[in-house]
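Subject: The structure we discussed, with notes

Dear colleague,

I am passing on the structure below, together with my notes on it. Please read them with the structure open beside you.

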Amino acid sequence: MEKSIAELRETFKTGGTKSISWRKSQLKALLQLINQNEDSIFKALDQDLGKSPVESYRDEVGVLKKSVTYTLSCLEKWVAPKKAEVPLLFFPAKAEVMPQPLGVVLIFSSWNFPFTLALDPLIGAISAGNTVLLKPSDLAPACMSFLVETIPKYLDNKAVKVLAGGADIGERLLQLKWDKIFFTGSPRVGRLVMAAAAKHLTPVTLELGGKSPAIVDTLSTTPSKAKVTAKRIVGGKWGPCTGQACIAIDYVLVEEKLASTLIELLKKTIKRFYGENIKSLKNISRIVNKHQFQRLVNLLKDPDVADSIVYGGSVDEEKLVIEPTILLDPPLDSEIMSEEIFGPLLPIITLKNVEESIDFINSKSNPLVIYAFTEDETFKKRILSETSSGTVTFNDSMVQFLCDSLPFGGVGQSGFGRYHGKYSFDTFSHEKSILHRGFYPEIEPRYPPWTDFKLLFLKLAYQFDYFGLILLLLGFKRS
Amino acid sequence: MTSEVENKPVICTESAKELVKELRASFATGKTKSYEWRLTQLNAMVKMMEEKEPQIVAALHDDLSKPELESSIYEIAMLKNSCRLAVKNMKHWMMPEKAKTSLVTFPSSAEIVSEPLGVVLVISAWNYPFLLSLDPIVGAIAAGNAIVLKPSEIAPATSLLLARLVAEYLDSSCIKVVEGAVPETAALLEQKWDKILYTGNGRVARIVMAAAAKHLTPVVMELGGKCPVIVDSDINLQVATRRIIAGKWGCNNGQACISPDYIITMKDYAQKLIDSFKCELERFYGKNPLESKDLSRIVNSNHFARLSKLLDEDKVSSKIVHGGERDKENLKITPTILLDVPRDSLIMNEEIFGPLLPVFLVDKVEDSFDVINSGTKPLAAYLFTNKKKLKEKFVATVSAGGLVINDTTVHLAEPTLPFGGVGDSGMGAYHGKFSFDAFSHKKAVLYRGFACDAFVRYPPYTRGKLGLLRALFDGSILGIIRALLGWSKA
């Protein structure tokens, strides 16, 4: 392992990865990798998570292709130094900010979107000119093996390496010095990563999670809007990896009197999308492994929680499947309402008034996303200004992930740092300030010995009071 | 640790917890988010500097023997500028930024909204104790946060003054100063903050970041390093020398994170360079620099001992070619130049942070880059040359927080340039709008409508949908039409 990292450092030192042509060739190769291996990718995702090809394309393959293509088209623009304004006082001078690669970076990815969460940060790291060690999650073993075997066939082995293994490998990697660590995963492990990074003063980006709520206020608009709302909630809960997604809807907030309408709509949509019952379940991923399965099942063990189930609840341990399950008002102090669910269980919390959602959300730690289905412009403004989350999406779910122009990241317990689009490039770059000065003219008052005249001169200079400076120099101002 | 000056409340974990609780409650009222509050605070800060300049200068003189001009200009005037810039631009900075949306999410609109992070902690340093305490606070206020400032106990007069002035001029329900040393800092670091900005050294930075990790608190670290100056031949030597002196001894007597730490020049040029230094140093500080009022003193006896150790190392003490006089009682060391120090000496490996300037020799100027890159990344790097190619190589090869060509330290005054380090010299940046950004969360907002619900997103998943998804992601209208007509392969 140490040898691999030493090689990455050597490669970076040679300066090869800084060249735009290298970066472009790597990105193009990555695109080829995806294009030429789609079927294998679909197969691996089906094996690890039971994802259908459409879900895999929508959430992984398509996302990555779009990301690489966008990066390739913008790279030259991003790499170019940006001019910064310089005040007249410094004349003649030129100031600019130049992005530079950080060096050797470490990317930890998660198991739920094993391709997207590994390769999207990789795209950013390469585009910024770094060498990379990628450590995919071993909880998605087929995908991890695929990455370990296939990346070396397409990308520059001396600059991009993939390491297989579990938590022990992760721990060993964290003992070493990196120029950046990019981590996607749980807050618990996020703390460990940051603590390890602190020893080397390594900057980190932590993409964590939280309980992302969906506020529902559109059920009494029109029937078609209500239907679309239900579709988008179902699509935002069970669509992405059966709820095992950092941006999946964790729970729903709705007004008491509309709860039954919502539940009915959700039931209908669930049946249409995923089948009538657990035996005929389709178009949906499964739970990743026994450990997660048990964790989710345990959330339902609490009798008060079990009592609140209004739909679903059946489980199949052998197939690691839990059917889409809706709960109505489980106890607020139950584990299902305090921990991130990360699975196919959807609690619906009723409120007297939908505006109470704001206080409810604020009583919990900052989520990665707040979804709000509402057409009330005042309410929208209140949600924006009175809550804090990584992102807010109005009237839809999940799609903000596809916007290259929106930064994707958390705040508070849901993480810090961001990526996607140019933000990926920035997150793996150092923005170096550069000031070019000429030797003339010389401003004498900069130098000691200090006098009252020099003091006044500098005071005026710092205020950019050019007129005052002229007066001073002409003798019309006294110190 | 209580102050020897007067009985001050000592902060412990319990009281630190209460303090944060109080600030969280203040923040929750929404007060700090209002534009008016932010404006009032920033204007009050300007007023504070206008009314209390003599006291500030006096405190800085107490702590550091800082010359009045350095205090007035490099601390007070710089801070005033910072406030004024924030006041002028804050409204604009606070406005949401529109973001483009693409076909994939059509129809939609998007924006990025800046919001305050919440309750933030600023830990400042002793060398520019006024500026480094309040400059980050300008950003934190402009971004709408509640703030705790922990000034350095190594500059006690300024720390005390800050506590008084902040209480007198700013809103104490939202901005507080906690004085103290290690125990107080530790108590503060146990609490959960929404951001920590730390200015200081790498050793303490690691402790701060480890503490922040427990609460997943993002940090900005403004650290230091050995800022090299490459001096090429064939330049205006007098101007270059003066600018190096201004950046070294003119900045708190070398006790500044961006002070030139050491010089790299060619063997054949060294003598000329040193002669120029001797000449200009005398012009600036007189024949007896120990008596000059225009030089700060060494901050305390610890640092005096540290610097003495650097000079007394065997292989180094014989390399002094100028200065080297010390006055232990008054904590003064004259501007000292050393020539041809060994690469493995202490003075060439530790950040000097004092009035000692080693000159390291190379055969040709291009060799400088390897010397610099063999060490950790500094906060700043400087080059004096007229050669275009050398400038280009310097910019491309040297990794540092900031680079200046043909001058030293002035980039600090440039608010359009982000000020921060990389690698061991730190992470994150501030100054100007970068300060506002450092203390903001940039919240992504996507507005969608109900029209055009893309059926292709939802189950049942069919091959047709797969084909359509491909076309949608490719952004090709033609592809979409073909997919809809069933003409493309899934």
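The notes below go from the annotated domains to the contact between the chains, and then to single elements and residues.

Please keep in mind throughout that this is a predicted model.

**Annotated domains and active site**

In chain A, an unreviewed UniProt entry places the feature "domain: Aldehyde dehydrogenase" at residues 3–434. That span is 44% helix and 18% strand, and its end C-alpha atoms lie 35 Å apart. For chain B, the UniProt annotation "domain: Aldehyde dehydrogenase", also from an unreviewed entry, covers residues 14–445. Over residues 14–445 of chain B, the chain is 43% helix and 18% strand, with the end C-alpha atoms 38 Å apart.

The UniProt annotation "active site", again from an unreviewed entry, covers A:Glu207 and A:Cys246. These residues span 40 residues in sequence, yet no two of their C-alpha atoms are more than 8.8 Å apart, so they gather at one spot. A:Glu207 has its place in strand 7 (residues 204–207) of chain A.

**The contact between the chains**

How many residues does each chain bring to the contact? Chain B gives 100 residues and chain A gives 106 residues. The area buried between chain B and chain A is about 8,700 Å², and carbon and sulfur atoms give 62% of this area. On the side of chain B, the residues that lose the most area to chain A are B:Leu216, B:Phe450 and B:Tyr461, which together make up 11% of what that side buries.

The polar part of the contact can be described as well. Between chain B and chain A the count is nine salt bridges, and a salt bridge is formed by the side chains of A:Glu38 and B:Arg470, at 2.7 Å from N to O. Across the interface of chain B and chain A, 44 residue pairs are in polar contact, with both residues at pLDDT 80 or more. Helix 3 (residues 68–94) of chain B supplies nine residues, the largest share of the side of chain B that touches chain A. Sorted by class, that side of chain B has 54 nonpolar, 22 polar and 24 charged residues.

The two chains also pair through strands: strand 18 (residues 429–437) of chain A and strand 16 (residues 402–405) of chain B run parallel and are joined by four bridges. Within this pairing, A:Leu435 stands opposite B:Val404 in strand 16 of chain B.

**Inside chain B**

Six strands of chain B form an open sheet with mixed pairing, in the order 5-4-3-6-7-17. Its edge strands are strand 5 (175–177) and strand 17 (426–427) of chain B, each of which pairs on one side only. Within chain B, strand 3 (residues 119–123) and strand 6 (residues 195–199) pair in the parallel sense over four bridges, and B:Val122 stands opposite B:Leu197 in strand 6 of chain B.

Over all chains, a search of the whole structure finds 52 salt bridges. In one of the salt bridges, the side chains of B:Asp171 and B:Lys31 meet at 2.8 Å, N to O. This pair links distant parts of the chain, 140 residues apart: B:Asp171 is in the loop between helix 5 (156–169) and strand 5 of chain B, while B:Lys31 is in the loop between helix 1 (13–28) and helix 2 (35–64) of chain B.

B:Asn300 lies in the loop between helix 9 (270–285) and helix 10 (301–312) of chain B. A polar atom of the side chain of B:Asn300 lies 3.0 Å from the backbone nitrogen of B:His303. Leaving aside neighbours within four places in sequence, B:Asn300 is in contact with B:Ile154 and B:Leu331.

**Backbone features to look at**

Most residues other than glycine have a negative phi, and most peptide bonds are trans. Against that background, please look at these places.

- A cis peptide bond, with omega about -10°, joins A:Tyr440 and A:Pro441; A:Pro441 is found in the loop between strand 18 and helix 17 (452–462) of chain A.
- B:Pro459 and B:Pro460 are joined by a cis peptide bond with omega about -5°, and B:Pro460 lies in the loop between strand 18 (440–448) and helix 15 (463–474) of chain B.
- A:Phe342 is not a glycine, although its phi is positive, at about 55°; A:Phe342 lies in the loop between helix 13 (335–338) and strand 14 (345–351) of chain A.

With best regards

How values were computed: Residues numbered from 1 in each chain as written. Chains lettered and ligands numbered in written order. Predicted model: local features only at pLDDT ≥ 70, side-chain atom pairs only at ≥ 80, totals over all residues. Heavy atoms only, no water. UniProt positions renumbered as here; feature names shortened; annotations may be inferred. Contact = heavy atoms within 4.5 Å. Buried area = accessible area lost by both parts, 1.4 Å probe. Salt bridge = Lys/Arg side-chain N within 4 Å of Asp/Glu carboxyl O. Polar contact = N/O pair within 3.5 Å; in protein donor to acceptor, adjacent residues only side chain to side chain. Nonpolar A, V, L, I, M, F, W, Y, C, P; charged D, E, K, R; others polar. Pairing = 2+ DSSP bridges.
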